[in-house]
Every structure is written in structure tokens, then in C-alpha cells.
Amino acid sequence: MYTSLIRPLLFQLDPEKAHHVATRIGTALCSLPGAGPRMVQRYAGNWPRLEQEVLGIRFPNPVGIAAGFDKNAGYTGLLRFMGFGYAEYGSITAKPSPGNPQPRLFRLRKDRALINRMGLNNDGAETVCKHILEKKTAEPPLFENFPCGINIAKTHDPRITGDDAIRDYIASYTFARTAADYITINISCPNTREGKTFEDKKALIELLDGLGEARKNGDPPLLVKFSPDTKSTVSDELVTVCEERSVQGYVLTNTSSKRHGLRTPGEQLEKIGPGGLSGAPLFPGTLNRIARLRRQLPKDRILIACGGIDSPKRAMELLSAGANLLQLYTGLIYQGPALVAKINEFLVRKLHDQGIPSLSQWPRYES
Ligand SMILES: Cc1cc2nc3c(=O)[nH]c(=O)nc-3n(C[C@H](O)[C@H](O)[C@H](O)COP(=O)(O)O)c2cc1C
């Protein structure tokens, strides 16, 4: 029904407008009397074989919504309704930001992909984290058995660089630690006027050392999210920096600024202009990175695969390559909300067929 009826209607709209329309209708549907809790009961936590403890947190299933879909943590009910096992909210930044001028989100239908240059639009770390805490108090079942990741980034302002940029991250971090079960640092943010990011070794060391000083005992686990565009030698160096600073896991990966191998005509890409590519074309890179890091890192290091997951088969491949958890965004736009339950049901079937009692025993280190 989604691909034959709903998607064609949504795809008539500007992509950002379609996002607002779909999330509003979805939210209204799950707040119909009785609908929300019933659906949550039906989907969330209804796959006991998929439950696992990761980072000391109980995840009801491995499929999470990637950062960017729910920047201000406004759609938790809807996400649970769709069957997600957890959410990564944000990116949030120390100062609220309206983001870049529109249009800033584009579909590449032939590639089942998107390009975005949203510019980190969000209500600001303080507001978003307060909102999460208030919701947790007012509606405890909403967040029960639904881990809350918070992704933090540097405020989208080219004047904030160097030490100010680190202070900016720390400001978000101090709010995020009050509300999050885990925190992801988005390091693909520019740290110089020339656009150099925190994926520069020296900048990353300074950032993680700064955050290290701000961290207290009992703070949520810290993860780092990488771009898919760093060369493997550079990313090895960055991982070493993270490993020396007690980072507990990695989200692989963010969007790409590369455009090679796409079916979308060059002139259309040129018209769209700069932005991060997400969706199906990222999948081979995601798979490579997960497999590579799984071989390099200690077995207890947590890998969250993100980028191009749009089918149960792809989800399974990533788990088999070594991912502990998954995240998706663009797949939802092209395949619809049923994708989440399809992935979970497929994984349950595979576990059952192979006589594996729990996802935590999935043979994930062998490929
Ligand atoms: C519209 C849009 C906004 C995004 N915003 C963020 C963001 O604020 N922070 C972040 O870390 N990643 C952001 N992402 C990247 C996603 O979290 C994810 O890493 C990327 O889209 C690859 O996954 P996918 O192929 O399943 O979409 C965004 C992606 C999209 C499409």
C-alpha cells in the first residue's frame, strides 16, 4: 500500500513538506483513542528473540531511527508505533538553529537516495533535552523499553571554531547527559572557516579531551559517528584516537558528499548542489566499514550500522558483518514504515530457522 498509494502522493510534495505531512498524520493516527498503546504493545518489544543488552542498555530490537528524522524528539510515539527499537534524536546543538534556507532536501528517486543540506536545524540542546525529560515524567510508558540516543553536533555557525567549537559541544553534552541513554558525537561538523571538520586528528583529540574533562562517573556511554568519506587510513587513525579516549562505540556512517556511481543524471545533481547523500548507494560502504572495524576492534566495542539499509536482507548482512545495532532513515522514505517490522520479522525467522535463541548470539564476527 505504501509504495503503490501513499508514496506516490507524498512524492508529489516537496520532500521536507512530505516529511511534515507524513509525521503529522502518523502522529495523529497513533494518538487516536486506544490506538497508540495498542500499536506499541503490538510492535515494540514484541520480538523477544531480538532483545539484547548493548552498552548496558536493554534494546527491544536492533532497528533504530537515525539522527535527523526526529531532531527535536517530537515523534517518539510514532517511532514506537512503526516498530523501531530505539531512537537517535538530534543532532542537537548548543544554540537553536533554523538551518539552511529551503529547499534543502532532495529526492534522487532513481537511486533510492536523498541529498540534504538541512544545516542542523533544531530547537537547541536545552529545549530538546528538557522536552525529553518532561515527556519521560509525564508519560513514562512512552520511553519505557525504548532507549534514547542523543546526537550532538556543533552549532551551525561558521564563526564558532577552535576552542569555542569545543565549548559549544560541551554545552550540548551537559544537557544531553541528563536525558540520554547514550550520546553520539557527530564529528562531521566544520571547525574552520575553510570547512575542515572534527574528522581532523588534532581537532578530534581536542574535542574528545574536552568532553573527557566534562564527563562524570555514571554519564551515558559515548559513541562517535563517522562520515563515509574519510579514507580508511585516516579513519583508522581517528579510531585509534577514540579508542585511547574510552569511546564505547561507533555509528557508521553519516551522509556522503560524494556523487560517483549514481543513476541520477549529472545535470540534476548539479542543479541540486551541495549536500549529504543518504540512502541505497551508501550500503556497500557501510558494509565494508562495519566488517573492517569489527575485525580491528575488541569484540565488546559497539558498532551501529547506518547508511543504505532499505531491506531485511541488507539489515541481516550488516549484523552478520559485525554490527550490534542498526539505524535507518532514507529507507523509510522509499519503503515506508512497514520496513521496520519487515526487518524485525525477517530477523526473528532467521534466528528461529537457525535455532539461535537470541540476537545477541548472532554469529556476527565471522564474515
Ligand atoms: C534529512 C536528513 C537529515 C539528517 N540530519 C542528521 C543530523 O542532524 N545528524 C546526523 O548525525 N545525521 C543526520 N543525517 C544522517 C543520517 O542520520 C544517516 O547517517 C544517513 O542518512 C545515512 O542513513 P540512511 O541511508 O539510512 O538515510 C540526516 C539525514 C537526512 C536524510
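User: What radius of gyration does the protein chain have, and which value would a compact globule have?
Analyst: This is a predicted model, and its protein chain comes to 14 helices and 13 strands. The C-alpha trace spans about 50 × 45 × 45 Å along its principal axes. For 367 residues a compact globule would have a radius of gyration near 21 Å, which agrees with the value for the protein chain, 19 Å.

User: What percentage of the contacts with a separation of 6 or more joins residues 24 or more positions apart?
Analyst: Of the 367 residues of the protein chain, 46% count as buried. Among contacts in the protein chain with a separation of 6 or more, the share that falls to residues 24 or more positions apart is 73%.

User: Which residues come nearest to the ligand?
Analyst: The shell around the ligand is made up, by class, of eleven nonpolar, 14 polar and two charged residues. At least two shell residues each are supplied by strand E4 (86-92), strand E6 (113-116), strand E11 (276-279) and helix H13 (330-335). Out of the 27 residues around the ligand, those that come nearest are Ala-66, Gly-68, Ser-91, Ser-278 and Thr-330.

User: Is Phe-283 buried or exposed?
Analyst: Phe-283 lies in helix H11 (residues 283-296), and, leaving aside neighbours within four places in sequence, Phe-283 is in contact with Gly-307, Gly-308 and Arg-314. Although Phe-283 and Arg-314 are 31 residues apart along the chain, their C-alpha atoms are separated by 7.9 Å. Because Phe-283 has 20 C-beta neighbours inside 10 Å, this residue counts as buried.

User: Where does Ser-91 lie, and what is omega of the cis peptide bond that joins Gly-90 and Ser-91?
Analyst: Ser-91 is among the residues that come nearest to the ligand, and its place is in strand E4. The peptide bond between Gly-90 and Ser-91 is cis, with omega at about 5°.

User: What is omega of the cis peptide bond that joins Leu-252 and Thr-253?
Analyst: Thr-253 lies in the loop between strand E10 (249-252) and helix H10 (266-272). The cis peptide bond that joins Leu-252 to Thr-253 has an omega of about 15°.

User: What is phi of Leu-55?
Analyst: Leu-55 is located in the loop between strand E1 (52-54) and strand E2 (57-59), and with 20 C-beta neighbours inside 10 Å Leu-55 counts as buried. Although Leu-55 is not a glycine, its phi is positive, at about 60°.

User: Is Leu-120 buried or exposed?
Analyst: Leu-120 lies in the loop between E6 and helix H5 (125-138), and phi of Leu-120 is positive, near 55°, in a residue other than glycine. Because 22 other C-beta atoms lie within 10 Å, Leu-120 is buried.

Methods:
Residues are numbered from 1 along each chain as its sequence is written. This is a predicted model: local features need pLDDT of at least 70, side-chain atom pairs count only at pLDDT 80 or more; totals for chains, interfaces and linings use all residues. A residue is near a molecule or strand if its C-beta atom, placed from the backbone, lies within 6 Å of it. Helices (H or I, at least four residues) and strands (E, at least two) are DSSP runs, numbered from the N terminus. Ala, Val, Leu, Ile, Met, Phe, Trp, Tyr, Cys and Pro count as nonpolar, Asp, Glu, Lys and Arg as charged, and the others, Gly among them, as polar. The radius of gyration is taken over C-alpha atoms; the globule rule is 2.2 Å times the number of residues to the power 0.38. A residue is buried if 20 or more other C-beta atoms lie within 10 Å of its own, exposed if 12 or fewer, and partly exposed in between; C-beta atoms are placed from the backbone. Two residues are in contact if their C-beta atoms, placed from the backbone, lie within 7 Å.
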